Amino acid sequence: MEHVVVRLEDDGYWLDPSAYLAILPSLARDLPPGASEFALDPQHYDFVSDRSVHDLWFRSLRLDDADGAASLSFGHSGEKHAYGLSLV
């Protein structure tokens, strides 16, 4: 990952997303409004938040050959999340 440092340690992985979070506002300017709002929400980067994407489970990927549209769906873990996530 170019902007996130991930290091394997004895008790798991250590992550430092500070470089990514620093450039995120400039990257978000080029995203559609919904994607920008999602990317800038700090709760998505907090592993204990119920809005974190950390523990979501892949559910489906749908492709529409007619118009090239795609949708990606993740289900909630049940333990921490109340809702899943759909990207269209």
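User: Which residue in β4 is the bridge partner of R62?
Analyst: In this predicted model, R62 has S71 as its bridge partner in β4. Residues are numbered from 1 along each chain as its sequence is written, and side-chain values use heavy atoms, without hydrogens and water. As the model is predicted, local features need pLDDT of at least 70 and side-chain atom pairs pLDDT 80 or more, whereas totals for chains, interfaces and linings use all residues.

User: What makes β3 and β4 a pair of strands?
Analyst: Strands pair if DSSP finds at least two bridges between them. Opposite S60 stands S73 of β4. The hairpin of β3 and β4 has 4 residues between the strands, and G68 there takes a positive phi near 75 degrees.

User: Which pattern does the protein chain follow, and why is it called more spread out than a compact globule?
Analyst: Along the sequence the pattern is β-β-α-α-β-β-β, where helices (H or I, at least four residues) and strands (E, at least two) are DSSP runs. The radius of gyration, taken over C-alpha atoms, is 15 Å, well over the 12 Å that the globule rule (2.2 Å times the number of residues to the power 0.38) gives for 88 residues, so the protein chain is more spread out than a compact globule. The C-alpha atoms fill a box of roughly 50 × 35 × 20 Å along the principal axes.

User: What percentage of the residues counts as buried?
Analyst: Of the 88 residues, 17% count as buried, that is, under 20% relative accessible area with a 1.4 Å probe, protein chains only.

User: How many side chains are positive and how many negative?
Analyst: With Lys and Arg counted as positive and Asp and Glu as negative, the protein chain has 6 positive and 15 negative side chains. The centres of the two sets lie 4 Å apart.

Notes. Buried < 20%, exposed > 50% of the residue type's maximum accessible area, 1.4 Å probe, protein only. Charge placed at Lys NZ, Arg CZ, Asp CG, Glu CD.
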